[in-house]
Amino acid sequence: MIVVPGLGGSGPDHWQSYWLREDPDGVRVEQRDWDQPRRDEWVPALDAAARRATGPVILVAHSLGCHTVAHWATQYDDVPVRAALLVAPPDVDHSVAQGAPIADFGLIPTIALPFPTVLAASSNDPWAELAWSRLLAKRWGARFVDLGNAGHVNAEAGFGPWPEGKKLLQDLTNTANQPPQP
């Protein structure tokens with residue numbers, strides 16, 4: 001599992017951090033600056049982590065990390081990814097208007113991601129409207145999961161270990177491991 005945090009880096013009480021503590025093989029993509037994200041730094045950092053992986057690559061991204069995954073998938077296609085769980089991607093235009101320093105991630109890729117993907121979003125996320133998230137899932141070829149009123153699906157919204165998310169990831173990886181039906 002490769003964890004791809006978003007703006008701020010997913011602190012110790014974030015579900016991504018809990019999952020990493022439970023997975024001795026899990027890797028966290030590290031960034032030089034978690035608060036002033038630059039696509040030309042974040043995407044290569046993900047690529048480096050994916051290339052160092054010794055087992056199947058399963059991506060678990062939150063917030064701006066979801067956009068990092070999408071940009072990476074359009075630039076690098078030679079690292080086999082088994083699956084990706086993308087949680088609460090922000091609407092970049094809306095977030096920039098709200099003061100988030102993420103304008104560098106504009107021009108969101110609108111092609112289907114080349115691996116099985118689940119995009120999970122909340123109906124009351126302050127950084128993206130649910131309809132926008134549904135459309136993004138469709139563009140990325142992802143199965144959409146409506147998490148209900150879950151805020152930004154982070155520690156501030158009450159998401160610590162998030163066992164329901166672990167189940168989403170397990171179901172996704174189980175499906176990705178199955179051979180295609182004839």
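Colleague: Is His14 buried or exposed?

Modeller: This is a predicted model: local features need pLDDT of at least 70, side-chain atom pairs count only at pLDDT 80 or more, and totals for chains, interfaces and linings use all residues. Residues are numbered from 1 along each chain as its sequence is written, and side-chain values use heavy atoms, with hydrogens and water left out. Buried means under 20% relative accessible area, exposed over 50%, partly exposed in between (1.4 Å probe, protein chains only). His14 has a relative accessible area of 5%, so His14 is buried.

Colleague: Where does His14 lie?

Modeller: In the loop between β1 (2-4) and α1 (15-22). Helices (H or I, at least four residues) and strands (E, at least two) are DSSP runs, numbered from the N terminus.

Colleague: Which residues is His14 in contact with, beyond four places in sequence?

Modeller: Contact means heavy atoms within 4.5 Å. His14 is in contact with His62, Val153, Asn154, Ala155, Phe159 and Gly160.

Colleague: And where is Thr68?

Modeller: Thr68 sits in helix α3 (residues 64-75). Its relative accessible area is 0%, so Thr68 is buried. Leaving out residues up to four places away in sequence, Thr68 touches Val4, Trp42, Val43, Leu46 and Phe105.

Colleague: Which residues touch the most other members of the largest nonpolar core?

Modeller: A nonpolar core is a set of buried Ala, Val, Leu, Ile, Met, Phe, Trp, Tyr and Cys residues joined through side-chain atoms within 4.5 Å. Here the largest has 32 residues, and Ile2, Leu59, Trp72 and Phe115 touch the most other members. Elements that each supply at least two residues of this core include β1, α3 and β5 (117-121).
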